[in-house]
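Student: I'd like to talk through some of the side-chain packing here. Could you take me through it?

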Amino acid sequence: MLKFKREMDMTKGGVMGKLIAFTLPLALSGILQLLFNAADLVVIGQFSETGAESLAAVSSNNALISLIINVSIGLSVGANVVMAQSIGSRDMDRAQRTLHTSILLSLICGIIVAFVGAFCARYFLEWMNTDPVVLDKATVYLRIYFIGAPANIVYNFGAAILRAKGDTKRPLIFLFIAGVLNAGLNLIFVIFAHLDVAGVALATIISQYVSVVLVIVALLKEKDYCKLIIRKLAIKKRELLDILKVGLPSGILSSFFSVANVIIQSSINGFGYQVMAGNSTGASLEAFVYTSMNAVSNAATTFTGQNVGAKRNDRVPSILTNSCIITTFISVVLGGIILLFGEPLASLYTRDPAVVAYALDRMKIILPIYFVCGMVENFVGCLRGMNYAILPMIPSFLCVCVYRIVWVYTIFKTQHTTLILYLSYPISWLLNLVMDGIMYYYAYSKTIRVSKTMRDDRNTLEYVRT
């Protein structure tokens with residue numbers, strides 16, 4: 001019989017130390033992934049025969065890739081929460097059903113995304129007003145990239161299952177192996193084989209399939225409730241609904257950001273390929289801060305899920321507070337370092353001084369207030385862990401999606417500069433933080449009331465029996 005063997009008990013002891021211990025490998029996983037993704041841009045920008053154009057072609061796909069992938073990836077958050085709650089309540093059977101439902105669901109989603117993305121790539125890019133100079137290269141990159149969608153999505157689900165029990169180390173190791181392979185293949189395909197953007201895309205999908213093989217093998221070798229048994233792969237209705245209850249709103253929430261970013265990217269595309277390349281370079285450097293902060297919010301989701309499952313709701317405020325402290329520290333320190341060394345860091349991506357200047361323009365607006373974005377993610381993470389995945393959709397839809405789109409078609413239309421365009425980000429985060437704070441207060445108060453009512457009912461029943 002399978003038995004529980006937790007890597008980390010998140011329901012007891014101090015919160016800060018365990019949050020940091022859980023977050024560090026998760027943040028390092030994200031940073032490693034970004035380093036290898038940045039290597040794509042560095043190699044293509046420095047060694048391609050058409051450096052700035054190829055860099056713009058690869059980077060012009062980022063917002064679109066996020067839009068299509070994030071809905072599926074958001075479902076992995078649902079798998080993480082349901083698994084974490086199963087662990088917290090020590091429901092082994094539910095954990096097993098969640099595991100097998102999650103893996104099969106991720107495979108189906110991956111195949112759908114790959115099919116839609118590969119066949120509609122050029123139409124998407126034309127809709128985004130992609131510069132005709134880079135349209136053909138961007139299309140080649142996007143079509144090849146989407147072939148790796150099944151591996152990308154299945155990996156994220158598998159890693160989410162492992163992280164639900166506190167295992168963040170093995171996903172880190174798997175990403176390191178795949179990332180080294182990705183970086184090596186980039187050099188071979190671009191410098192020696194002269195495959196340009198196609199080489200970068202091929203290196204990416206090969207490394208993605210290696211990472212998914214590693215995570216599947218790890219699950220097959222598990223001895224406890226996370227053991228994957230191929231013949232048990234099936235969609236269980238109850239677990240599917242539980243995953244969708246948290247994961248689908250999470251995916252839609254992510255898509256709100258992506259829809260707004262696609263609109264902004266379309267506006268940036270209108271400034272030409274140098275601004276496109278500069279914007280992507282700045283965004284690539286900022287991503288190191290965001291990924292580190294996002295690791296904290298993912299930790300907050302898992303910690304909250306385990307504690308809610310164990311009926312330790314009183315620990316949720318401490319999880320949120322400590323998460324926000326860690327997030328602010330990361331944003332101030334890492335963001336400050338990137339701002340301080342912004343010019344030499346941007347110069348790693350390209351030899352074009354105009355592209356470097358455009359990258360600096362973006363980072364000076366985004367990085368000083370990036371911690372607010374991180375705090376928003378922490379509120380959302382705790383709400384998801386408490387099974388309130390739909391609530392964060394309301395402020396995000398209004399403050400991010402609607403607000404940024406309105407900004408583009410009003411303020412930006414009258415003052416057509418990149419500065420005005422970038423200002424939409426920090427203002428939307430501040431508005432979102434206020435609304436998420438209100439949503440969190442409502443959700444936590446309701447969770448406490450429900451728990452108290454259930455506890456009183458149990459006490460009354462025990463008294464009657466006595």
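Tutor: Keeping in mind that this is a predicted model, we can begin with a cluster in which Tyr290, Tyr370, Tyr425 and Trp429 are linked by ring pairs.

Student: OK, and how many aromatic pairs does the count come to by this rule?

Tutor: The count comes to 11 aromatic pairs. One of them is formed by Tyr145 and Phe146, whose ring centres are 6.2 Å apart and whose planes stand at 85 degrees, which is over 60 and therefore makes the pair edge-to-face.

Student: Are those two, Tyr145 and Phe146, buried or exposed?

Tutor: Tyr145 and Phe146 are both buried.

Student: What about Tyr440 and Tyr444, how are their rings arranged?

Tutor: Their ring centres lie 6.0 Å apart with the planes at 10 degrees, and because that angle is under 30 degrees, the pair formed by Tyr440 and Tyr444 counts as stacked.

Student: Where do Tyr440 and Tyr444 sit in the chain's helices?

Tutor: Tyr440 and Tyr444 belong to helix H17, which covers residues 418-465, and because they are 4 residues apart there, about one helical turn separates them. Tyr440 is buried, and Tyr444 is buried as well.

Student: Switching topic, which helix is Gln208 in?

Tutor: Gln208 is part of helix H8, which spans residues 196-220.

Student: And why is Gln208 called buried?

Tutor: Gln208 has a relative accessible area of 11%, and because this is under 20%, the residue counts as buried.

Student: Which residues does Gln208 touch, leaving out those up to four places away in sequence?

Tutor: With those left out, Gln208 touches Tyr145, Gly148, Ala151 and Asn152. Tyr145 brings us back to the edge-to-face pair with Phe146.

Note on methods
Residues are numbered from 1 along each chain as its sequence is written. This is a predicted model: local features need pLDDT of at least 70, side-chain atom pairs count only at pLDDT 80 or more; totals for chains, interfaces and linings use all residues. Side-chain values use heavy atoms; hydrogens and water are left out. Helices (H or I, at least four residues) and strands (E, at least two) are DSSP runs, numbered from the N terminus. Buried means under 20% relative accessible area, exposed over 50%, partly exposed in between (1.4 Å probe, protein chains only). Contact means heavy atoms within 4.5 Å. Rings of Phe, Tyr and Trp (its six-membered ring) pair if their centres lie within 6.5 Å; planes under 30 degrees apart count as stacked, over 60 as edge-to-face and the rest as tilted.
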